[in-house]
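Biologist: Could you take a close look at a single part of this model, the surroundings of the ligand, and describe them in one connected account?

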Amino acid sequence: MVNAAMTHVPTTEAAPESTNVDPSVTAERPPPPPLPRVFAVANQKGGVGKTTTTINVGACLAELGYRTLVIDLDPQGNASTGLGVDHRGLETSMYHVIMHETPLENCVEPASIKNLFVAPASLELAGAEIELVAAFSRELRLRRAIDAVLDDYDYILIDCPPSLGLLTVNGLAAAREVMVPIQCEYYALEGLGQLLRNVDLVRRSLNPTLEVSVIVCVMYDARTKLSDQVVSEVREHFGDKVCRAVVPRTVRLSEAPSFGQPIITFDPSSRGSIAYRDVAKEVSRGATRRTR
Ligand SMILES: Nc1ncnc2c1ncn2[C@@H]1O[C@H](COP(=O)(O)OP(=O)(O)OP(=O)(O)O)[C@@H](O)[C@H]1O
Ligand SMILES: [Mg+2]
């Protein structure tokens, strides 16, 4: 079992080098990697803002004009419903892509924003976690599916479930980069070492160029000193991988998914919209869209 193996892998990467440079005053960042870019949005802790970040960074990248695909790899299907796609009763979902090699393009649905697309999950995907164990090339199913549609998108964001099982391993094996949302709360860094070790394991065994490239501090509460402490600590550990924009804790961000909308259409001038727009700009850094 991949999971069992993972717990015994020694840390070779641990936290990236800490830096004394305050990233908020660092001048220019290097040019962004060429498009298309494929991110796994991962953190095995539950409820830390993976799905909220996937939906809203995806929507903001689409708003910037980039053709963007959100892949929902979580059987809960929150990224699908949050983008207005009802995942119950779908004929084709990520389950079929992973288990039956259905082409990814067959399950892609347009979201309510121009340039934004969703590959929805369904509850059956929970079964895939078990069915995959005995499957041939079980870790590379998603990678193959994505490779076939890479030319159609500028950005692909994979919303991973809160576990380190085979679905997340498929996400990490398919991605080129990992985006990690970190909650500005107690125990924010707890479990992060485990995620980094797993990224390291997937890099060594399946995906040699995989790297954690973007950290987003989310659920920031300006009224608490703790939030500032967490942001400082995260910046100390991860340096300029950490977005300068910090996403505030706001009720509007938690309300938007029940209307099937990203924050930028649900409440375009809200603090959540401003923050996620800034995150998307930092991620894209003005990369040239591909002509098609
Ligand atoms: N910045 C925020 N402000 C307020 N609420 C938020 C914020 N970000 C996320 N939430 C809410 O917190 C809850 C957890 O967020 P989300 O579903 O994005 O986390 P997750 O990591 O994807 O969870 P899971 O591990 O279950 O997949 C949701 O109810 C969401 O609406
Ligand atoms: Mg989620």
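Modeller: In this predicted model, the residues of the shell around ligand 1 divide into 7 nonpolar, 8 polar and 3 charged. The shell holds 18 residues, and those that come nearest to ligand 1 are K50, T51, T52, P162 and S254. Two elements, helix 2 and helix 10 (251–255), each give two or more residues to this shell, and helix 2 gives the most, with 3 residues.

Helix 2, which spans residues 50–63, also packs against helix 12, residues 271–284, at an angle of about 70 degrees, and the axes of the two helices are 8 Å apart. Since angles of 65 to 115 degrees count as roughly perpendicular, helix 2 is therefore described as roughly perpendicular to helix 12. The crossing in which helix 2 passes helix 12 is right-handed. On the side of helix 2 the contact is made by N56, V57, C60 and L61, while helix 12 contributes Y276, R277, V279, A280, V283 and S284.

Apart from its neighbours within four places in sequence, A256 is in contact with Q261, P262, I263 and F266. A256 can also be placed relative to T52, one of the residues that come nearest to ligand 1: the two are 204 residues apart in sequence, yet their C-alpha atoms are 9.4 Å apart in space.

As for the setting of this part, the secondary structure of the protein comes to 12 helices and 7 strands, and 50% of its 292 residues count as buried. Among the contacts that join residues at least 6 apart in sequence, 80% are between residues at least 24 apart.

Conventions
Residues are numbered from 1 along each chain as its sequence is written. Chains are lettered from A and ligands numbered from 1 in the order in which they are written. This is a predicted model: local features need pLDDT of at least 70, side-chain atom pairs count only at pLDDT 80 or more; totals for chains, interfaces and linings use all residues. Axes are lines fitted to C-alpha atoms, for helices over the stretch in contact, and angles run from 0 to 180 degrees between N-to-C directions. Helices (H or I, at least four residues) and strands (E, at least two) are DSSP runs, numbered from the N terminus. Angles under 35 degrees count as roughly parallel, over 145 as roughly antiparallel, 65 to 115 as roughly perpendicular and the rest as oblique. A crossing is left-handed if the near helix is turned anticlockwise from the far one by less than a right angle, and right-handed if clockwise. Two residues are in contact if their C-beta atoms, placed from the backbone, lie within 7 Å. A residue is near a molecule or strand if its C-beta atom, placed from the backbone, lies within 6 Å of it. Ala, Val, Leu, Ile, Met, Phe, Trp, Tyr, Cys and Pro count as nonpolar, Asp, Glu, Lys and Arg as charged, and the others, Gly among them, as polar. A residue is buried if 20 or more other C-beta atoms lie within 10 Å of its own, exposed if 12 or fewer, and partly exposed in between; C-beta atoms are placed from the backbone.
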